[in-house]
Each structure stands twice: as C-alpha cells, then as structure tokens.
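Have the structure open as you read, and follow along residue by residue.

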Amino acid sequence: MSPPLFRQLLGKEMDALPPLLQEAHDASDRQRWEGLADITVSRNPAAWLLCRVMNLPARGRGVPVMVIFERSEGHENWLRTFAGRSYRSDLSVKGGRVVERMGPATNVFRLSVKDGRLLLDLEEFRFLGLALPSWMRPRCHASEREERGRYIFDVPVSLPWLGRVIRYTGSMERRDA
C-alpha cells in the first residue's frame, strides 16, 4: 500500500507538523473528528447561491461539525457535516498537488508546512471540468494547526469579482479512538 496522500506530497515536511495533524493526515485508517465551527457567509445573493449550489455550510456560530476521513489506495474521501448539512469530497494526488473533487468543482491545492501549520493553497479550479482563468478563480489559503490538543482549521474562500464568499473556522477532536 502506498503512503497516505499528504505524506506522499509533503515527505519529511510532514514530520514538522504537530502530532495531532500527523494523526489526522499521515494515517491510513478511517477517522471521525467532531467539534464546533463559526461560519461567515457573504450577504451577497450571488455568494449565497454559490454556497447553496456547492452545499457549503450555512452561516452560524458554534455550529456542530463532524469530519470523517476515509482512505483507500490512492484516494481519500472526506465527509464534512455542519449542522446536518453535508458535503463529500474525493482527494487524490496529481502533479505534486492534491486534487479535490467536490460535486461539479475540482480544486487543486499545493500543500506546505510553515511554523507548525499545514497550509493548503488553491492553485487551480475547474467547474464542470472547465478550468477557470485566474481572474475568475476562487482564492483559498486554508490552514490547519494544533492548539491545546485540538485540531484547528481556517478555510477562507473568496472570489476576485465578489470578495469573501465564505469562511469557516473551528476546532475538532478525534472521536472514534
């Protein structure tokens, strides 16, 4: 069996991550994480519609969140549920980056580690298989870190022509162990 996806991409950089992030991303087992999130969504109707089409989380504070990581050879499936609203993504590796397929969207992220944080920078975006030019492409510089034994995430998404579309932040702990 090949190494986990994030280990394949980060190599020895993976060892610079805090133990909790290594537990989440340098593993081959099924894991369930739970916690709370704060979600801000633009009040712009176009941004709201985009979030609905992608089934992204609704606005809220202290929203229950659950993430299930499932792994198989060469793939990871992440099921994220925010207050009962779920979306699933399939992750694989291509060209030294993570390719995340989420419904009609495909996100291509470059991973890196800086100051003990895992950074996920969106470099390409396709919708219905068509690559969007950079002036239309979403911007996302997500990060993860460990703080007081909790998995902290920060996922801001914006569009150059619309501004901030959504941002969800929060913390989780593993619940299946």
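## Salt bridges across the chain

A salt bridge here is a side-chain nitrogen of Lys or Arg within 4 Å of a carboxyl oxygen of Asp or Glu. By this rule the count comes to 20 salt bridges. Please keep in mind that the model is a predicted one.

Start with Asp 29 and Arg 174, whose closest N and O atoms are 2.7 Å apart in a salt bridge. This pair links distant parts of the chain, 145 residues apart: Asp 29 sits in the loop between helix H2 (19–25) and strand S1 (31–41), while Arg 174 belongs to strand S11 (residues 163–174). Asp 29 is partly exposed, with a relative accessible area of 32%, and Arg 174 is also classed as partly exposed, at 22%.

## Two further pairs

Next, look at Arg 61 and Asp 38, which form a salt bridge with their closest N and O atoms 3.7 Å apart. Arg 61 is in strand S2 (residues 60–72) and Asp 38 in strand S1, so the pair ties together parts that are 23 residues apart in sequence. Is Arg 61 buried or exposed? Arg 61 is exposed, because its relative accessible area is 72% and the cut-off for that label is over 50%. Asp 38 is partly exposed, with a value of 27%.

Glu 123 and Arg 110 also meet through their side chains, in a salt bridge of 3.1 Å from N to O. Glu 123 lies in strand S7 (residues 117–127) and Arg 110 in strand S6 (residues 105–114), and this link spans 13 residues. With relative accessible areas of 28% for Glu 123 and 36% for Arg 110, each residue counts as partly exposed. Elsewhere, salt bridges that share partners join Glu 23, Asp 29, Arg 71, Glu 76, Arg 174 and Asp 176 into one network.

## A buried arginine

Now move to Arg 80, in strand S3 (residues 75–82). Arg 80 counts as buried because its relative accessible area is 9%, and buried means under 20%. What does its side chain meet? A polar contact of 3.0 Å joins the side chains of Arg 80 and Glu 100.

Leaving aside neighbours within four places in sequence, Arg 80 is in contact with Met 66, Val 67, Arg 85, Ser 86, Tyr 87, Ser 89, Glu 100 and Met 102.

## The largest pocket

How many residues line the largest pocket? The lining has 39 residues, and Leu 56, Met 102, Asn 107, Val 157 and Tyr 168 are those nearest the centre. Met 102 is also one of the contacts of Arg 80.

Sorted by class, the lining of the largest pocket holds 35 nonpolar, 1 polar and 3 charged residues.

## An enclosed cavity

The model has 1 cavity of 30 Å³ or more, and the largest cavity has a volume of about 90 Å³. Of the 14 residues that line the largest cavity, Met 1, Ser 2, Pro 3, Pro 4 and Ser 72 are the closest to its centre.

Helix H1 (5–10), S2 and S3 each supply at least two residues of this lining. By class, the cavity lining has 5 nonpolar, 6 polar and 3 charged residues.

Definitions and conventions. Residues are numbered from 1 along each chain as its sequence is written. This is a predicted model: local features need pLDDT of at least 70, side-chain atom pairs count only at pLDDT 80 or more; totals for chains, interfaces and linings use all residues. Side-chain values use heavy atoms; hydrogens and water are left out. Helices (H or I, at least four residues) and strands (E, at least two) are DSSP runs, numbered from the N terminus. Buried means under 20% relative accessible area, exposed over 50%, partly exposed in between (1.4 Å probe, protein chains only). A polar contact is a pair of N or O atoms within 3.5 Å; within protein, one must be able to donate a hydrogen and the other to accept it, and residues adjacent in sequence count only if both atoms are side-chain atoms. Contact means heavy atoms within 4.5 Å. On a 1 Å grid over the protein atoms alone, a cavity is a set of points where a 1.4 Å probe fits but cannot get out, and a pocket is an open set with protein on both sides within 12 Å along at least five of seven lines; lining residues have an atom within 4 Å of a point. Ala, Val, Leu, Ile, Met, Phe, Trp, Tyr, Cys and Pro count as nonpolar, Asp, Glu, Lys and Arg as charged, and the others, Gly among them, as polar. Grid points are joined across faces, edges and corners, and a volume is the space filled by probe spheres set on the points.
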